[in-house]
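Here is a short report on one protein chain. It moves from surface and fold to the cores, then to one helix pair.

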Amino acid sequence: VSLQLKDISTYRSLVLLAQTEIADTFMMAGQFDRAADYYRRVLKLGDLDLNEAQVRLKLVKSLYELKDWKGVLAEGQQCIEKAALSSQVAEVRFLMAEANKKLGMYQEAIQQTLELLNTEQERAGKDPDNWAYWQKRTGNKLANELYEQGDYINALLIYETLFKLPGNAEWHSQALYQIGLIYERMFQPDRASAAYTEIISQSTNAAPVLNNVAKSSAAYST
């Protein structure tokens, strides 16, 4: 109580730094329950100098390691609401999509992924490469799983959304390749052929992709 105002400010900064470092240490040591506890303490401080988005991301990652899927969803939503313009939100959406899948909530996982691929593009801010990485990782992972499960409609929806993302010719060719495969499985050879034809016309790296197409088509026809 007797501290001067400037000393109080310094004290608060030291407390913030200490608790953050303690939380990070527990996380690196694999003690995710204690790390989560300290990250929550840091957030309660409400310090203006706090990188809230970064701390919330670490909290969500700790809960993910603890397999606290509901906690991931609850804290992830808090991060989205309170740090919506931060690049950390992209990774949070990835973790939330994974948590939804662990809970068997695939429709929610699909919605979370589409949110990341669509509305979140305009929030890339100063780190567009980070956003692009998490968009592609999240979308491709879920779309591949849906494809393997035979959910071709939702897999196609995500692959088509992935195809619209900014990227190089090779990335677009790979997305089109998956789209073509899905149309084959859905017995729509004309659309599959159109996808493969577009690969030829647009990609300078078409040859390796088309070799895979030829093999896949031959195997499917048998």
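## Surface and burial

The protein has an accessible surface of about 12,200 Å², and carbon and sulfur atoms hold 53% of that area. The model is predicted. Of its 222 residues, 44% count as buried.

## Fold

The secondary structure consists of 11 helices and 0 strands. Read from the N terminus, the order is α-α-α-α-α-α-α-α-α-α-α. Among contacts with a separation of 6 or more, 51% join residues 24 or more positions apart.

## Nonpolar cores

The largest nonpolar core contains 32 residues. Tyr 39 and Val 72 have the most contacts inside it. Two or more residues come from each of α1 (5-28), α2 (32-45), α3 (52-65), α4 (69-82), α5 (88-102) and α7 (128-149).

## The α4/α5 pair

The axes of α4 and α5 are 9 Å apart, and the two helices pack at an angle of about 150°. An angle over 145 degrees counts as roughly antiparallel, so α4 is roughly antiparallel to α5. The crossing of α4 past α5 is left-handed.

On the α4 side, the contact residues are Trp 69, Val 72, Leu 73, Gly 76, Gln 77, Cys 79 and Ile 80. They meet Val 89, Val 92, Arg 93, Leu 95, Met 96, Ala 99, Asn 100 and Lys 102 in α5.

Methods. Residues are numbered from 1 along each chain as its sequence is written. This is a predicted model: local features need pLDDT of at least 70, side-chain atom pairs count only at pLDDT 80 or more; totals for chains, interfaces and linings use all residues. Side-chain values use heavy atoms; hydrogens and water are left out. A nonpolar core is a set of buried Ala, Val, Leu, Ile, Met, Phe, Trp, Tyr and Cys residues joined through side-chain atoms within 4.5 Å. Buried means under 20% relative accessible area, exposed over 50%, partly exposed in between (1.4 Å probe, protein chains only). Helices (H or I, at least four residues) and strands (E, at least two) are DSSP runs, numbered from the N terminus. Contact means heavy atoms within 4.5 Å. Accessible areas come from the Shrake-Rupley method with a 1.4 Å probe; for residues, only the protein chains shown count as cover. Axes are lines fitted to C-alpha atoms, for helices over the stretch in contact, and angles run from 0 to 180 degrees between N-to-C directions. Angles under 35 degrees count as roughly parallel, over 145 as roughly antiparallel, 65 to 115 as roughly perpendicular and the rest as oblique. A crossing is left-handed if the near helix is turned anticlockwise from the far one by less than a right angle, and right-handed if clockwise.
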